[in-house]
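Look over the sequence and the model first, then read the notes by topic.

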Amino acid sequence: MIKTERVLHLKSCRGRKVRVVREHYLRERVPCYSGACQADCANDGKVLPGDLTHYVVPDVGVVVDYLEILEFRELHGIVFTQTACQAVQHSKGRRQYNRLRNLLKDPRHDCTLFANEYQEYSYCPREKGESQEEWQTRCVYSAAEWYFNHLAGAMPVVMVTENQEAVAQYSSLRSGVYVISFQEYLQTFWPELQAAHELYSSISQALQAKEGEGNEKEYAEHLPAEVLEAGIKSGRYIQGTLNVSKHRAQTEALIMTEGFSNKSTDMGWCVMVHGDKSRNRAMHGDVVVVELLPKSEWRWKVTALTEGQADEKNGKDGESKPLPTGRVVGILQRNWRDYVVTYPPREGTQSQTRNSQRILAVPWDHRIPKIRISTQQAETLQDHRVVVRIDSWESTSLYPNGHSVRVLGWAGELETEVQTILIENCIHVPPFSDAQLREMPVNSPEKPWKVDPAQVAERRDLRDSHLVFSIDPKGCEDVDDTLSVRSLAGGKLLELGVHIADVTHFVTEGSLTDLEARTRATTYYLADRRYDMLPAVLSADLCSLLGGVDRYAMSVLWELDAHTLAVNKVWFGRTLIRSSYQLHYELAQALLNGEQAEVLELARLGPEEKDAKLAQLTRALETLTHVARHLRAQRDRGGALELEGVEVRAQLDEERNITALVPRQPLEVHETVAECMIYANHWVARKIQETFPYQALLRRHPPPRQEFFSQLVESARAKGFSISTGSNKALADSLDQAVDPQDPLVNRLLRMMTTQAMPQALYFSTGAQPLDQYYHYGLALDRYTHFTSPIRRYADIVVHRLLIAAITVEQAASSGAALASNKDLEEMSQHINNRNMAAKRAQKLSTELFQCLYFKERDPQTDPRCVADAVIYSIRDDGVLVFVPEYGVKGPVYMKNRDGEVVSAGQDGSCQWQSGSVRRYPDHITTTSSCGTSTFRLFDHITVRISVHATHCHADRLHLEVVSNKPYRSAELEQPRSQGRCQLVQEVVRLAEEAYQQAQEKAARRPKLSKEEREFCQSKTPNLYSLLEEVRELALMDLDMTPQVCATTA
Ligand SMILES: [Zn+2]
């Protein structure tokens, strides 16, 4: 090893110059991480394949400016030099550097890091008079040369650079390394990779545009990091995350101060930032530092209605104090992501330079400012949705600068809009790659999958001893849970069993499939399709506990006292099962009710045998129901909440999203299955928490904050009900009492408000929370986790691995598999929580999309389907919020319009706009005009007309207008409910298909779009069953409630 000294002149990302002297050690042996290595390098970990056509070594400039192209998984054999990586760290900051590090770590990307500056022969000290850029290029060239020689000339090596002089200088050296420009490289080696070419030209245009910028200041400069840090410490500045108001994005933003959760209305913890100069280039989600303004400049939060508003949490309205108001003085961390924008029509074009135009593209997300883009396609891509990334936002620029990444398609088309929803929620679900699929077991008619004899020896074999069956919605493909129950010791004992698909047997930790599942974290359900977390061979086949086939399972078996149902002992472990019956809910309920029912599995048997088997099955179902009732009663005593009545509870349990929610026929068997799953989750939580007190993944549901119940309590009072919120038990009891026999919707709306006041249930690592925080408020359990749906939730996969490790520790068979640390597990929990929220948001947005597409096709003035009954659930300054049960729509209804007119109801209830005034009271709102006074009370049923407010650059919104202050009644629509919703989806899908065909015919006239447009398409044909049920279920529930409802009990 050789020791030298190395002087670095660094420029920090904030522009400061730093001189650093470091001891520098040179080694003869630095691993090459190449499969073609002949020199016995210590290449452990990720290795570049030895059978590629070439390796490519990008120069510093390419890595710094074009990293996102190097991120394409199609590119192979990329060698990142230490020189280039350090340059990224210094010139682009931590965020970009982490991105590069993740790329290097990710086995799905074929690239490696070469520590060229530690390699004796590839290291070049900087020469006198040599510029930093020249030196870096020389280092990278020297590294490329080293690779060529180290691999004995067997692997062609290409160096790519954006510096034309370097191309001229180095390509003449004839050392064996080809030196070409990055553009030429892409054209020569990857001519088919259209998306990369487009991205290249988009980035290079953005870089050119940047050069030509003026220097007039539009915003105050951000303060240096040291000043910010000192200011935060001394209390002069406040640090927090910027949250731009959805409804007043131009003017209002709030800072959620550190350590504070998502309750935006707690005034004590919020700082208001008003206007874009005060916001000083900070964007939604950024971690910023603010300075408070003098009290005289503090502002009130606006409480009037805005279009599209229905989902804001509300503590107290009409706040009497202004909010602390401040201005942004610095940004600690940018939270930029990919944004979907719409290219403006021609007049939106800003300026023209050379052959590209600068346009101001409008982001789909209201909270994001317009983004300036230099493009040659401004004309052809008018009215298209395009994915863009932001490059910078200098103080001299009114808007951030960015470049386009990918074209999604015409705004307003179903497919474009669905992709928009995915990207806006950072949901990336490419088709499973061939490499991932190669990890999967084979199961084909020619080569059927068979149970491995070695596994039979290791597992507890329940195939002959246990009657195992599943109960799922009709047509369910992925059965991940089954049940069993049997009598032991001559009837003194009962054995209850829950058997879950053994997904971790097939998904090895760290495998490509595992990485992909971890990234997705959940299966994503949209209104018309789903994106699975695992490949279909597992989710619909080998991990699906289908009837009549041998399957691996993870089982929990409880031995209960048959009389008291107290638990004697619990057994956890890997098993082998064969489910005897694949029942659906209605069938199981029919058997329980003693009704005549046809069980498919018994169809071929003779009458005697059939009767005997049927009796056995019915007995098992009855015992199960008995046990479940007992368990439920136990939890009820503890205060378990039932937030939305039985129909939603079925959905709550384990997110069986497709559960047939038949509103007026709640089936007890739903509850029975749910209760068994909750029990299994609870006992597994206990087991892993006891074995790994600081490294177990659990799920907690914090108690709600009392102030968020104010609206609920006040609304209930308006109907003469008293809601007690002291404990979950008191709340559950008082909600049960708050029933209006005339109007079942009252109770439902009160439960929805309760849900709205609830925090989210969250995954966490036991080491990251004190013991008293483990409690699950909604389920009234001291510990809870997710174990029962490993096919569609990654949390369950983690929990399965923890459970196996716990069993191993218990048996002391080995030291146990390597466990994730508390820190890793907590990071994982946050990732999964984040993905779950994204999944819920995407599901909600896609449902709204379908609703809008449905109503867009109708004339609200003539089509009777556009008129519906609505219930008032909240009173605001200038209108009310209503819920439309038929379509599951929530939204504002204005009582006053911009022209100062108010809604005035006539004798027959029909409403008209008249000039007048509006007055708000706690439980009603009145309008006064020359025609008299009209009153709208909480829980009043009114009639609304639904139309679509098209916005083009953003998602369309439904607009609700009151047509009568009387309930909507129509003979024809006496029983319209579920029918209307089924029609809704069918109709939209049909129209989308027609539109698609028309578009195909017109294809010639359309601009040619890249293949990547369709990159996201997966399970494109929706399973009609799931599609209808999903939307029906969503529509049944309050849309905004969906996330919390699921979170609460599941
Ligand atoms: Zn080597």
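Residues are numbered from 1 along each chain as its sequence is written, and side-chain values use heavy atoms, with hydrogens and water left out.

**Overall build and confidence**

- The protein chain has 26 helices and 38 strands. Helices (H or I, at least four residues) and strands (E, at least two) are DSSP runs, numbered from the N terminus.
- Of its 1050 residues, 56% count as buried. Buried means under 20% relative accessible area, exposed over 50%, and partly exposed in between, with a 1.4 Å probe and protein chains only.
- Among contacts in the protein chain with a separation of 6 or more, 70% come from residues 24 or more positions apart. Contact means heavy atoms within 4.5 Å.
- The average pLDDT of the protein chain is 82, and 84% of the residues score at least 70. pLDDT is the predictor's confidence in each residue, from 0 to 100.
- Residues 971–982 stay under 50 in pLDDT, and the model has 15 contacts beyond four places in sequence for them.
- Residues 1006–1050 are also below 50, with 150 contacts in the model beyond near neighbours in sequence.
- Where pLDDT is low, the predicted coordinates should not be read in detail.

**Zinc site**

- Cys 32 (SG), Cys 37 (SG), Cys 41 (SG) and His 150 (NE2) coordinate the zinc ion at 2.0 to 2.3 Å. Donors are N, O and S atoms within 2.8 Å of the metal (3.2 Å for Na, K and Ca); water is not among the atoms, so sites may look incomplete.
- The arrangement is tetrahedral because the four donor atoms subtend angles of 99 to 114°. Four donors count as tetrahedral if all angles lie between 85 and 135 degrees.
- Along the chain, the donors follow the spacing C-x4-C-x3-C-x108-H.
- The site links distant parts of the chain: Cys 32 sits in the loop between strand E2 (17–26) and E3, and His 150 in helix H3, 118 residues apart.
- Cys 32 and His 150 are both buried.

**Aromatic contacts**

- There are 18 aromatic pairs. Rings of Phe, Tyr and Trp (its six-membered ring) pair if their centres lie within 6.5 Å; planes under 30 degrees apart count as stacked, over 60 as edge-to-face and the rest as tilted.
- Tyr 55 and Tyr 147 pair edge-to-face, at 6.4 Å centre to centre and 80° between the planes. Tyr 55 is in strand E3 (residues 55–58) and Tyr 147 in helix H3 (residues 132–150), 92 residues apart. Both Tyr 55 and Tyr 147 are buried.
- Phe 764 and Tyr 774 form a tilted pair, at 5.2 Å centre to centre and 50° between the planes. Phe 764 lies in strand E29 (residues 762–765) and Tyr 774 in the loop between E29 and helix H22 (794–811), so the pair ties together parts 10 residues apart in sequence.
- Tyr 66, Phe 182, Tyr 185, Phe 189 and Tyr 200 make up one aromatic cluster.
- Arg 27 lies over the face of Tyr 118, 5.7 Å from the ring centre. Arg 459 lies over the face of Tyr 552, at 4.2 Å from the ring centre. A charge sits over a ring if NZ of Lys or CZ of Arg is within 6 Å of the ring centre and within 35 degrees of the ring normal.

**Helix H15**

- Seven of the eight residues of helix H15 (residues 585–592) are buried. Among them are Tyr 585, Gln 589 and Leu 592.
- The buried residues of H15 pack against strand E20 (468–472), strand E27 (581–584), helix H16 (607–638) and helix H18 (668–691).
- Gly 594 follows H15 and has a positive phi, near 70°.

**Single residues**

- Ser 539 lies in helix H14 (residues 536–542). Ser 539 is buried, at 4% relative accessible area.
- Leaving aside neighbours within four places in sequence, Ser 539 contacts residues including Glu 477, Asp 478 and Ile 791.
- Most residues other than glycine have a negative phi. Ala 521 has a positive phi of about 70°, and Ala 780 one of about 55°.
- Ala 521 is in the loop between helix H13 (512–520) and strand E23 (524–525). Ala 780 is in the loop between E29 and H22.
- Ala 521 counts as buried at 1% relative accessibility, and Ala 780 is buried at 13% relative accessible area.

How values were computed: Four donors count as tetrahedral if all angles lie between 85 and 135 degrees; four count as square planar and six as octahedral if opposite donors are over 155 degrees apart and all others between 65 and 115; anything else is irregular.
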